[in-house]
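Dear colleague,

I am passing on the structure below, together with some notes on what was found in it. Please read the notes with the structure open beside them.

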Amino acid sequence: MTTATEERTNALEERAKEARRLVVDMAASERGCHLGGSLSAMDLLIAALDGTRDEESKVVLSKGHAAAGLYAALHAMGILEEDPAPRYGLLGHPYTGHPGPKVPGVSFPTGSLGHGLPYAAGWALAQRLKGTGGRAVAIVGDGELQEGLIWETVQVAAARALGNLVILVDRNGGQNDGLVGDISPLPHLAERFAAFGCDTAEVDGHDLAALTRTLAAHDSPRPLAVVANTVKGKGVRAVEGKAASHYVVIDKARAEKWKKGIR
Amino acid sequence: MTLPGRDAYRAELTALAETDERIICLEADLGGKKHPFAEAHPDRFFNIGIAEGAMVDMAVGLAAAGYRPFISTFAPFAALRATESLKLALGYIGAPITVVAPYAGVSGAWFGTTHHSLEDIGIVRTVPGVAIAAPHGEADMRAVVRHALETGRPHYIRTGRNAAYESLPGDAAGPGEVKWAARRPGGACLVSVGEEAARLCGEAESGLSHAVLTYVDNESLRTAAKELSRHHSTLIVVEEHRTAGSAAEALALLLPEAEVHSVSAGDQWPAQGGDHAETLAQVGLHPAALAAKTAETA
């Protein structure tokens, strides 16, 4: 017998698949898109959007280059009404390569790495001042953690005991020029956040049940840093785990083939 | 007794927060131990620590939730270290955030070049939508702070260190307005931007008109230029800023028919001690430079 939680997880998994297909469509646009990071972050986006449906909470995609993933997730979750895929990157539509606040469901422009987390921290501080119970979830990339502004903000968030701030790390191991491990590795990641004064968790970033459980369970005066282990390009077998999937332009025929294979 | 610019800011904001619950005051470890806002409204005061970029960006999140953040740190750190955050927060997002930046120009004097900011107006002026003010004296600073709150327009307000200046009589010049300290027909007109420039012009005994500009963002300068050019065809713009990015540079472009001269800081990097006036002299901004320019245009 299927429990309500399992049913909910199954429904979210279907939405993640739908959103991944949209991302592939955007990769097959004239512009192409940041495919690998959009697909690695997809389950984080779906879980975060599902867990912040109240008006006082926000999800901020700090790794703004995964804009295609964000637009697709917002549409799959019913927050963004129109289908962004056929409009992506085109004049007359707000679906730019890095997201801006003209897109329904997007509050802050991100893409210059490091800014989304402090925007989220400010929102979390505001909700605490108002006593609303609202919170903020910032999805950051592991490469993005090389930015100093991230650690400035983690320092402030811990010092201010922003327990309603969640830092969701999409640890896909890749960045623009190759592998994080080759360029500027980030060992002992959870321990780093813990040393700053955060609660930490480490999860499979493609396990929607684990993600929703982790996001729902947190109740502490300390910010929560979730290191989510993900696979770059997740869902499209041809590019899974490949650093070269960072930015991809494909043709329509290949897109159809890839979409059929999305698991 | 008139208050220095940053004390006037703190006093005015503390008073405004008595009746406006939206006001939040943020500092980055340079607000001092006895900040009046912290004492009066401790629940809405946050010393973020030495984290200027995070402070500006967190203000964006606070503003999105309906608050009116006022943030302050020294000009070199606000306008230069956190430039990208300012561009996004005050420009692109257009959040109702006010940045108050003391230690502008070389008011940091003997603290050295790291604590000087002769580039801030030029940098922030390239960001569309930001109101830039350089108020002269306590009354003008208070007026600018009130204006920032009332309009919700993103503001960058520069001021000095601890020196106190008496504002000129009359209301502070608002955006696009000119405050006439002296009005004489014909001849050149001294145009001052900021505290030390107004002082230099006021003490110059040049016999010329003296116009004080409080707001020096592009939009304000476009309007002020019209007023200035109605009365004078030669302007001598005095400002504690490098010539590059100066108001003089902007006015010269706005008024191609006018003769616009600049008395401003040169390209030097002061490497000696000294008080504010002595440091100004190291960058070429002193009474003799103004007198020479006045004589040249006579």
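Which residues of chain B does UniProt assign to the feature "domain: Transketolase-like pyrimidine-binding"? The unreviewed UniProt entry places that feature at residues 3-167 of chain B, where UniProt positions are given in the numbering used here, feature names are shortened, and annotations may be inferred rather than shown by experiment. The end C-alpha atoms of this span lie 10 Å apart, and the span is 41% helix and 15% strand; helices (H or I, at least four residues) and strands (E, at least two) are DSSP runs, numbered from the N terminus.

Please bear in mind that this is a predicted model, in which local features need pLDDT of at least 70 and side-chain atom pairs count only at pLDDT 80 or more, while totals for chains, interfaces and linings use all residues. Residues are numbered from 1 along each chain as its sequence is written, and chains are lettered from A and ligands numbered from 1 in the order in which they are written.

The domain assignment of chain B, whose bounds come from an automatic or database domain assignment, gives domain 1 (5-158) and domain 2 (179-297), and the C-alpha centres of these two domains of chain B lie 25 Å apart. Their contact takes 24 residues from domain 1 of chain B and 27 residues from domain 2 of chain B, two residues being in contact if their C-beta atoms, placed from the backbone, lie within 7 Å. On the domain 1 side, the elements of chain B that give two or more residues are helix 6 (120-125), strand 5 (131-133) and helix 7 (138-151), and helix 6 of chain B gives the most, with four residues. By class, that side has 13 nonpolar, seven polar and four charged residues (Ala, Val, Leu, Ile, Met, Phe, Trp, Tyr, Cys and Pro count as nonpolar, Asp, Glu, Lys and Arg as charged, and the others, Gly among them, as polar).

Between the chains, the contact takes 19 residues from chain B and 21 residues from chain A. On the side of chain B that touches chain A, helix 3 (52-64) and helix 5 (83-92) of chain B are the elements that give two or more residues, and the largest share, nine residues, comes from helix 3 of chain B. The residues of that side of chain B divide into 13 nonpolar, four polar and two charged.

With kind regards
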